[in-house]
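Biologist: Before we turn to the particulars, could you take me through how one reads the interior, the overall fold and the chain start of a model such as this?

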Amino acid sequence: MIDVINLKKSFGSHDVLNGIDITINKGDIVVVIGPSGSGKSTFLRCLNCMEDPTGGQIIFNDVDIADPHVDINVHRRHMGMVFQHFNLFPHMNVTQNLMLAPVELKKATKEEAKEHAIHMLNKVGMDDKAEAYPEQLSGGQKQRVAIARALCMTPDIMLFDEPTSALDPEMVGEVLQVMKQLAADGMTMVI
């Protein structure tokens, strides 16, 4: 699904990624482990082209998405990204947060997007919070909503950037349970 070839990323004279090579096949679960500041988040941000690599290639579905001439937005629709912080829109309820991208980017009808949003909320055990606003949710609930939001775009791969690091210890289990279920369903994931 993804071939990373000699991926490099520098910030000034500081090399953060220096020649990363990895093949990620459909259904793989890849976990990147390292100390703070070792480039884990930078690697994920490069995979999603939120950071422009300094060198190398990222071949996703047979296209080098690191090429500056490629319309990354076309390919990014097939990658779900879940961040350390939930990045939910506070002025929108949970369902509206989930419907936004499918309606705006995939041109789904509001009815289709709402039906899919409710299905994804059910998948992450949050269907009872469909009308709640982010401020009414716990950290674990917000992260499960963020996962559902990414799933609403029906991605081929999910990228998780330390999805439990901002959570209280008692909330970690509920997010990990959702991730385990995604793995059991065959979702390709980089964590």
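Modeller: Let us begin with the interior, where a nonpolar core is a set of buried Ala, Val, Leu, Ile, Met, Phe, Trp, Tyr and Cys residues joined through side-chain atoms within 4.5 Å, and buried means under 20% relative accessible area, exposed over 50% and partly exposed in between, with a 1.4 Å probe and protein chains only. Here the largest nonpolar core has 33 residues, of which Leu-98, Leu-121, Val-145, Ile-147, Met-158 and Phe-160 touch the most other members. The elements that contribute two or more residues to this core are α3 (94–104), α4 (110–123), α5 (139–151), β7 (157–160) and α6 (169–184). Apart from it lies another core, of 22 residues, which includes Ile-24, Cys-46, Ile-65 and Leu-159.

This is a predicted model, in which local features need pLDDT of at least 70 and side-chain atom pairs count only at pLDDT 80 or more, whereas totals for chains, interfaces and linings use all residues. Residues are numbered from 1 along each chain as its sequence is written, and side-chain values use heavy atoms, with hydrogens and water left out.

Biologist: Which residues does Leu-98 touch, not counting those up to four places away in sequence?

Modeller: Contact means heavy atoms within 4.5 Å. By that criterion Leu-98 touches Ala-117, Leu-121, Val-145, Ala-148, Arg-149 and Cys-152, once residues up to four places away in sequence are set aside.

Biologist: How many helices and strands are there in the chain, and in what order do the elements run?

Modeller: Helices (H or I, at least four residues) and strands (E, at least two) are DSSP runs, numbered from the N terminus. The chain has 6 helices and 8 strands, and from the N terminus on they follow the order β-β-β-α-β-β-α-β-α-α-α-β-α-β. Among contacts between residues at least 6 apart in sequence, 67% join residues at least 24 apart, and 44% of the 191 residues count as buried.

Biologist: Where does Met-1 lie, and is Met-1 buried or partly exposed?

Modeller: Met-1 lies in the segment before β1 (2–11), and because its relative accessibility is 23%, Met-1 counts as partly exposed. Met-1 and Ile-157 are 156 residues apart in sequence, yet their C-alpha atoms are 8.6 Å apart in space. Not counting residues up to four places away in sequence, the residues that Met-1 touches include Ile-24, Ile-59, Phe-60, Ile-157 and Thr-188.
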